[in-house]
Structure formats: structure tokens, C-alpha cells
Amino acid sequence: MPKSKAPKRVTTATFSEEPRHDWNSEKEVGVFLASLIRLTKARTVLEVGVFEGETSKHIIEALPQGGLYTGIDINDYRKNWKEPDGKVVSFLIGDSLAILPTLPEYHYDIIFIDGDHSWEHVLSEFKKCERLVARNGIIALHDTIHLEGPRKLVEYAAHYGYKNITLNTPEIRGLSLLSRSF
Ligand SMILES: C[S@@+](CC[C@H](N)C(=O)[O-])C[C@H]1O[C@@H](n2cnc3c(N)ncnc32)[C@H](O)[C@@H]1O
């Protein structure tokens, strides 16, 4: 039998099942993040957990010419991936916990964390992202209403002085924005 050329799929604590459509964030999450990028004139955005790239496409489109998008995923599920001229788009495949320490410090205006949602994982990712986010930058997290890991992370960040706001989303999954002035 010929060997399958399909890449091996890596499963993680919260993504051990077969990939399914609702791993995509609600469309409104992408649209909202795009508005945030435009309003804040963000130039550098990092997304942890890309999946099919439904949110990435809104982020990339909203970036100005010369802007930088970096996406990380442990698997490559991307569909209809576009890299428009004049923007630097980089997709890094691997475990976020191994890749995040290799990225430049205080570099990203917005970081969107939406990978493995277990508490232990999201906490480690958040701690690594703290040294990557620019001064006055924003760390956004999805699923902060209906999943325990991201929800606990917002409480954790608030305890350590982050200002935070949680927006309801159409499927009541939640999108939280965290910023710090220290
Ligand atoms: C909910 S989906 C991301 C959805 C996407 N952000 C969006 O808005 O449509 C979560 C993704 O995280 C990836 N993932 C899970 N564990 C990971 C890890 N340890 N490192 C990197 N990516 C991971 C999964 O492969 C999956 O594609």
C-alpha cells in the first residue's frame, strides 16, 4: 500500500478530537479584531492557534502596508491562505510553547491567544506572551466565557494588574482584551 503523504496530525490536551468547523472563531471575532487593528494602528500581530485561518484573513487584511502577521499552529489546517503584497506573513508550525520563546521581545502590538485551551497550557502561553507584547499592547483571548482555562486566565491576569474587558460573542464563547500599564 502506498504511504500516505498526509502530514501527521498532532493532538493536544484540548484538541485531541478530529478537527471540526466550530474550531473556527465566530466571524465577528475576526471582524472585531480587524477594527481594533485599524483603530489602534497596530502593525504587528501574533495569533496562537490558526486552524483554517478564518480569523487570520481578517487580521492580515486589516494590517497596514509593511505590517507583520505571525501565526503559530501545531498542525497545518490552513485553507485558502493568502499573503497579500506589502505585508509580511509568517506561519510557524509547531508547539506554541516551543516557538514563543524564539520570537522577539516587546514586538507585537496585538497577540491573539486561541490555541490549546487547557488551563496549564494557556497559562504557560500567556507568561511567554507577556515578554512579546509591546508596551501598551493588547493580549486578546477567545473562549473566555464558556471554557474554564481561558476564563481562569482572565482572572489570573486581573489579579496581576491587567485591565480587562470581556465581550460576549454570538455563540457565547467570549473574547477578552487584556492590557497593562506597568
Ligand atoms: C480554536 S482553533 C484556532 C481558531 C482560530 N484562531 C480562529 O480564530 O479561527 C485552535 C488551534 O490551536 C491549535 N493548537 C492546539 N494546541 C496547540 C499547541 N500546543 N501549539 C500550537 N497550536 C496548537 C490546534 O491545532 C487548532 O488549530
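Reader: Which way do helix 4 and helix 5 lie to each other, and why?

Author: Quick housekeeping: residue numbers start from 1 along each chain, following the sequence as written. The model is predicted, so local features need pLDDT of at least 70 and side-chain atom pairs count only at pLDDT 80 or more, while totals for chains, interfaces and linings use all residues.

Now your pair. Helix 4 covers residues 119–130 and helix 5 covers residues 148–159; helices (H or I, at least four residues) and strands (E, at least two) are DSSP runs, numbered from the N terminus. Two packed helices are described by the angle between their axes and the distance between the axes. Here the axes come within 8 Å and cross at roughly 45 degrees. An axis is a line fitted to C-alpha atoms, for helices over the stretch in contact, and the angle between N-to-C directions runs from 0 to 180 degrees. Angles under 35 degrees count as roughly parallel, over 145 as roughly antiparallel, 65 to 115 as roughly perpendicular, and the rest as oblique. Helix 4 and helix 5 are therefore oblique to each other.

Helix 4 brings Trp119, Val122, Leu123 and Phe126 to the contact, and helix 5 brings Glu148, Gly149, Pro150, Lys152, Leu153 and Tyr156. Contact here means C-beta atoms, placed from the backbone, within 7 Å of each other. By class, that contact holds 7 nonpolar, 1 polar and 2 charged residues. Nonpolar means Ala, Val, Leu, Ile, Met, Phe, Trp, Tyr, Cys and Pro; charged means Asp, Glu, Lys and Arg; the others, Gly among them, are polar.

Val45 sits in strand 1 (residues 44–48) and counts as buried, with 26 C-beta neighbours inside 10 Å. The scale goes like this: buried needs 20 or more other C-beta atoms within 10 Å, exposed 12 or fewer, partly exposed in between, with C-beta atoms placed from the backbone. Beyond four places in sequence, Val45 touches residues including Ile59. Ile59 is also one of the buried residues of helix 2, and those buried residues pack against helix 1 (27–40), strand 1, strand 2 and strand 3 (88–93).

Helix 2 (54–62) matters for your ligand question too, if you have one: helix 2 and strand 2 (68–73) each supply at least two residues of the shell around the ligand. That shell has 22 residues, with Thr12, Ser25, Gly49, Thr55 and Asp116 coming nearest; to be near, a residue needs its C-beta atom, placed from the backbone, within 6 Å. The shell splits into 8 nonpolar, 8 polar and 6 charged residues.

Most residues other than glycine have a negative phi. Phe51, in the loop between strand 1 and helix 2, has a positive phi of about 50 degrees, and Phe51 is buried, with 23 other C-beta atoms within 10 Å. Tyr106 also has a positive phi, near 50 degrees, and lies in the loop between helix 3 (96–99) and strand 4 (108–113). Tyr106 counts as exposed, with 11 C-beta neighbours inside 10 Å.

Methods. Contact = placed C-beta atoms within 7 Å.
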